[in-house]
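The sequence and structure come first.

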Amino acid sequence: MESLQKKVRYVWFTKTVGAGLIGGIIAGIIALHSTIVPVWSPIPIVLCMLVVSLLVPPIRYRAWRFAVDEDGVTIKHGVVRRRETYVPIDRIQHIDINRGVLEQAVGLASIMIHTAGSRRSNLLLPGLRPQRANELRSRILSLREENRSDESLSEASDVIRGDTV
């Protein structure tokens with residue numbers, strides 16, 4: 001299985017720090033307008049988020065793995081709750097390549113795999129070099145087309161033999 005690019009840790013760190021700062025600002029506004037909440041209360045919130053943002057991205061990075069083969073796409077991830085997701089090639093509808101502002105800044109891209117189905121039908125694969133993201137999209141889509149043409153040939157031979165389709 002492949003791992004993500006190490007630079008994805010910077011993206012995750014920045015997002016976590018941003019969330020911590022927003023939480024700190026909200027707590028600060030509440031503290032300023034409250035007689036119950038102490039004025040210094042945002043400081044522990046910001047410090048906790050800073051510690052979390054330093055610890056979690058490296059651990060999260062080590063937990064992410066993915067593989068693409070002729071049968072489907074497998075993604076393994078999760079720190080506290082480990083998750084393994086497998087999507088068969090024939091269930092893939094289309095694939096988007098995304099490059100947000102933070103990803104662009106560090107030279108990364110993400111792939112969003114849209115699948116047939118309603119429950120959690122999108123699969124995100126973050127932290128890829130843009131070239132690798134394009135390669136994976138092309139490979140997955142070509143595997144999907146090969147799978148569809150194989151199924152068409154199989155159905156055609158069933159019809160010729162008189163089997164039901």
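Which residues lie nearest the centre of the second largest pocket, and how many residues line it?

## Basis of the values

The model is predicted: local features need pLDDT of at least 70, side-chain atom pairs count only at pLDDT 80 or more, and totals for chains, interfaces and linings use all residues. Residues are numbered from 1 along each chain as its sequence is written, and side-chain values use heavy atoms, with hydrogens and water left out.

## The second largest pocket

The lining of the second largest pocket consists of 16 residues. Val-11, Trp-12, Lys-15, Arg-60 and Pro-126 are the ones nearest its centre. A pocket here is an open set of points on a 1 Å grid over the protein atoms alone, where a 1.4 Å probe fits, with protein on both sides within 12 Å along at least five of seven lines; lining residues have an atom within 4 Å of a point. The volume of this pocket is about 250 Å³, a volume being the space filled by probe spheres set on the points, which are joined across faces, edges and corners.

At least two lining residues come from each of helix H1 (8-32), helix H2 (42-63), helix H3 (101-106) and strand E6 (122-128). Helices (H or I, at least four residues) and strands (E, at least two) are DSSP runs numbered from the N terminus. H1 gives the largest share, five residues. By class, 10 lining residues are nonpolar, three are polar and three are charged. In this scheme Ala, Val, Leu, Ile, Met, Phe, Trp, Tyr, Cys and Pro are nonpolar, Asp, Glu, Lys and Arg are charged, and the others, Gly among them, are polar.

## A buried glutamate

Glu-103 is part of helix H3. Its side chain is buried (under 20% relative accessible area; exposed is over 50% and partly exposed in between, with a 1.4 Å probe and protein chains only). A polar atom of the Glu-103 side chain lies 3.0 Å from the backbone nitrogen of Gly-100.

## Two partly exposed helix positions

Gly-23, in helix H1, is partly exposed at 26% relative accessible area. Its C-alpha atom is 7.5 Å from that of Val-46, 23 residues apart along the chain.

Ser-142 belongs to helix H4 (residues 130-161) and is partly exposed at 34%.

## Salt bridges

The whole structure contains four salt bridges. One of them joins Arg-132 and Glu-2 (2.3 Å, N to O). Arg-132 lies in helix H4 and Glu-2 in the segment before H1, so this pair ties together parts 130 residues apart in sequence. Glu-2 is partly exposed, at 31% relative accessibility.

Arg-132 also forms a salt bridge with Glu-135 (3.4 Å, N to O). These two residues are three apart in helix H4, and therefore separated by about one helical turn. Glu-135 is partly exposed at 35%. In another salt bridge, the closest N and O atoms of Glu-145 and Arg-144 are 3.1 Å apart. Glu-145 is partly exposed at 40%, whereas Arg-144 is buried at 10%. Shared partners join Glu-2, Arg-132 and Glu-135 into one network.

Notes: Lys and Arg count as positive and Asp and Glu as negative; His and the chain ends are not counted. A polar contact is a pair of N or O atoms within 3.5 Å; within protein, one must be able to donate a hydrogen and the other to accept it, and residues adjacent in sequence count only if both atoms are side-chain atoms.
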